[in-house]
Amino acid sequence: MADVKANGSYEDLPLMPLRGVVMYPRSIMPLYVGREISIKSIEIAQTTRDRLIFLVTQRETDEAPGPDNLCPVGVVGRVLQLLRLPEGSIKVLFEGICRASWRDMRDTGECATVCADQLFEHESRPEEAEALVRAVHEALNDYAKVNRKIPSDVIASIQAIKEPGHLADAIMPHLRVDFRRKQDALEELDISTRLEMAYEGLQGEVSMAGVEKRIKARVKVQMERNQREYYLAEQIKAINREMGRDDDPRSEAMELEKKLKAKNMPPQALEKGLSEVRKLRAMQPAAPEYTVVRNYIDWLIDLPWNDLKPIDIDIESARRLLDDGHYGLEKAKERILEYLAVQKLSGGLRGPILCFVGPPGVGKTSLARSVAEATGREFVRLSLGGVRDEAEIRGHRRTYVGALPGKILQSLKRVKYNNPLFCLDEIDKMTSDYRGDPASAMLEVLDPEQNDTFMDHYLDLDYDLSHIFFITTANSLHTIPMPLLDRMEVIELSSYLETEKRHIAHNFLLPRQIKENGLKDGNIRVSENAIIDVIRGWTREAGVRNLEREIATLCRKTAIRLVESGDLDQCVQIKTQSLPSLLGVRRYRHEEREDEPQVGVCAGLAYTQSGGEMLMVETSLMSGQGQVVTTGQLGDVMKESARAALSYVRSRAEILGLNPRFYRKIDIHVHVPAGATPKDGPSAGITLATSITSALLGIPVRNDVAMTGEISLRGRVLPIGGLREKLLAARRSGIRKVIVPHDNEKDLKEVPNEILKDLRIVFVDHVDEVLPEALQATEEEIFSGRGTARPLSAVLRARPDRDGEKDAAVAGG
């Protein structure tokens, strides 16, 4: 039972902690109580005569707060009414009596009790009390206007209070402020200060209410606008459905915007795309410009801006893949493997720009495809043959009807990645006209320093091409502009040798054609000699395309035999003797060496696009007046070589035992057979000199010797090209000795040993070394006038007579 002393002290009051709530004196407050300790305290308070209880706010929300968690000041209250609820909690109506501090908290086993000491108020500024009360009443009126939740009778009862302390305690419970501020007002004993705190709270609530009102009004307007837009959008949808248009332009624009934001693209491109979407929203779908803008946005979305395909580089696997798909081509494969090794070590490398140059059919495009497979890149092929419009590369501006990006970006859209292998086929076949020069547009595409900001006319945005591996192919470098050629690393793919063609036919072409023609591996057997005969007699090419066609013909003929015989498991043997019946008459013949040495007939070696060939040079002498005739459809360079050879022979006439004026009595006719075939180049110089010398001296040329080399006016033998192909032609024609310039000795490293093993290579520096090797005579017989010959300059100088000598002596004296 609580005892009340005369000095305002209360002994053994049941303690009830409050969570987030502050009780004030002279106020009545209903509370829902659910904690067991609080219910016990209320039940014990009910047993006392005065039903007193001490209500104090706890600092934290603990279930069983200790002394340190209770505020120092609370309220002595009285339980006015108690109502038990079905779920076990109770609803209690409390009345606050007075402020009090507490002490001596103890636990009785049923509840906690404290001793409470009443706290008495004081007035520090009595002269301001009336003005402060009036200001609080006015603020309360303003607060009542903005807060309709407080009943009007409560407002009226508070307005009737004139005593400052009572007024402050009546206002504070109705303010929506933190319980800590309410606790501070409860602990404040100065009446004026506590009323100012109540006034400050009222003003803050009024200001906050004004802000809330503005926010609610704004939200209401926005909601009304959204509802209106939703209603109109639904109407538009209904109209579109009635008109048979399923697509909603507004939702279409939203979908495009969502795709743009989800796309991995540069900020500049994203900003441009969003700007076009905003423009699209403002257009009617029926407007002509609508489709143009929509197509432009689709291109921005479809291009693989920053989408790079992961590349896992395995050098051994790449080497094996290149070797399995292509025989030979060692330089090209080695350069590709170098690039892959550098990229693996550095972790990233600007895409190189390689140019494969070689005759048709040697595998330039297929090698590029194999490189793409070896590097794990997507393969894109773009044929530039016949392209004459710059817009094919850079695209058309959007102002034109039907405008599109250039072929570069169109191809990238198809592969979905921005780091493919790009094969620009036939780059030497581009032309130009009034519409522009596409080769000039390619300068930016194929420049590693510029192609990271490639500007397409249609996009009008910088596009990064630096991650692309560019490979270009060409048959000739002469038609490629020098600035464009300077941007590429040229790798020459020479024509296949006969030995290489034989290997390719057996290991690649024949198995492929067997599969494509529905045969089994055991249905056809082609002998080694038959393959060689097909290469020599039915094809004349640098590559293997025609060879594959002839092999395909053999497979088709075999298929006919199998079907006609009804035995699909038989094996058809194809030998050299059966080729004419299967492939028809032999189409080509290669020059063979002479059966015996001939005067004036010399074997030369030439290089053509289809490989090496042996050319017979024939010289005939006739009575005449010193004319020189050249026939056989010779080019200007070859004619000049013939003149240089004749000039050399004339300059060595006395050494060769010839009359220095022999040319005045004869005409010389130089002919190169196969007159329908144009011939040109300087490498037949020593062949022409040997043939002319043989005809003049009447000494036969060995029939097992062939030669190649450019001749200078002084008789020096200068280096030539295509040595590998020329040596193969010599071996094929039965030649045993080949005379070549000494400067070409280094080129023998590229010649297979299979070719060299049957040839004797003689290196020479001067035509005087060629003649003893080529003519069927000794060196003394060839240079029979070496001992008596005088330099022509000695003959030209006149002998001075004695008078002249005297005159000269006098003049000298």
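Reader: Is Arg 194 buried or exposed?
Author: Arg 194 is buried, because its relative accessibility is 0%. Buried means under 20% relative accessible area, exposed means over 50%, and partly exposed is in between (1.4 Å probe, protein chains only).

Reader: What kind of model is this?
Author: The model is predicted: local features need pLDDT of at least 70, side-chain atom pairs count only at pLDDT 80 or more, and totals for chains, interfaces and linings use all residues. Residues are numbered from 1 along each chain as its sequence is written, and side-chain values use heavy atoms, with hydrogens and water left out.

Reader: Back to Arg 194. Where is it?
Author: Arg 194 is in helix H6. Helices (H or I, at least four residues) and strands (E, at least two) are DSSP runs, numbered from the N terminus.

Reader: Which residues is Arg 194 in contact with?
Author: Leaving aside neighbours within four places in sequence, the list is Arg 99, Glu 121, Gly 165, Ala 168, Asp 169, Ala 185, Glu 188 and Leu 189. Contact means heavy atoms within 4.5 Å.

Reader: Which residue meets Arg 194 in a salt bridge?
Author: Asp 169 does, with 3.1 Å from N to O. The two sit in distant parts of the chain, 25 residues apart: Asp 169 is in helix H4 (residues 164-171) and Arg 194 in helix H6. A salt bridge puts a side-chain nitrogen of Lys or Arg within 4 Å of a carboxyl oxygen of Asp or Glu.

Reader: Why do side chains pair like that?
Author: Side chains of opposite charge can pair when their charged atoms come close.

Reader: And Asp 169, buried or exposed?
Author: Buried, because its relative accessible area is 0%.

Reader: What joins Arg 194 and Glu 121?
Author: A polar contact of 2.4 Å joins their side chains. A polar contact is a pair of N or O atoms within 3.5 Å; within protein, one must be able to donate a hydrogen and the other to accept it, and residues adjacent in sequence count only if both atoms are side-chain atoms.

Reader: Which residues are in the network of salt bridges?
Author: Arg 26, Arg 99, Glu 121, Glu 163, Asp 169 and Arg 194 are linked in it.

Reader: How many salt bridges does the structure hold?
Author: There are 50.

Reader: Which residue does Glu 276 meet in one?
Author: Lys 272, at 3.8 Å from N to O. Both are in helix H8 (residues 267-281), and they are about one helical turn apart because four residues separate them. Glu 276 is buried at 2%. Lys 272 is partly exposed at 26%.

Reader: What about Asp 447? Which partner does it have?
Author: Asp 447 forms a salt bridge with Arg 487, and their closest N and O atoms are 3.5 Å apart. Asp 447 lies in the loop between helix H15 (438-445) and E11, and Arg 487 in the loop between helix H16 (482-486) and strand E14 (489-492), so the pair ties together parts 40 residues apart in sequence. Asp 447 is buried at 11%, while Arg 487 is partly exposed at 25%.

Reader: New topic. How many residues has the largest nonpolar core?
Author: That core has 53 residues, and Leu 446 and Leu 459 have the most contacts inside it. Helix H9 (residues 288-302) gives the largest share, seven residues. A nonpolar core is a set of buried Ala, Val, Leu, Ile, Met, Phe, Trp, Tyr and Cys residues joined through side-chain atoms within 4.5 Å.

Reader: Which residues is Leu 446 in contact with?
Author: Beyond its neighbours within four places in sequence, they include Ile 353, Phe 470 and Arg 487.

Reader: What lies apart from that core?
Author: Another core, of 50 residues, with Phe 469, Ile 504, Ile 535 and Leu 547 among them.

Reader: Now the surface. Which residues form the nonpolar patch?
Author: Met 208, Val 211, Ile 215, Val 219 and Met 223 form it, with about 410 Å² of accessible area together. Patches are made of residues with over 30% relative accessible area and no salt bridge: like charges are joined within 9 Å, nonpolar side chains (Val, Leu, Ile, Met, Phe, Trp, Tyr) within 5 Å. Areas come from the Shrake-Rupley method with a 1.4 Å probe; for residues, only the protein chains shown count as cover. Val 211 is in helix H6 (residues 191-242). Val 211 counts as partly exposed because its relative accessibility is 32%.

Reader: What is the phi of Asp 104?
Author: It is positive, about 50 degrees, although Asp 104 is not a glycine. Asp 104 is in strand E6 (residues 90-107).
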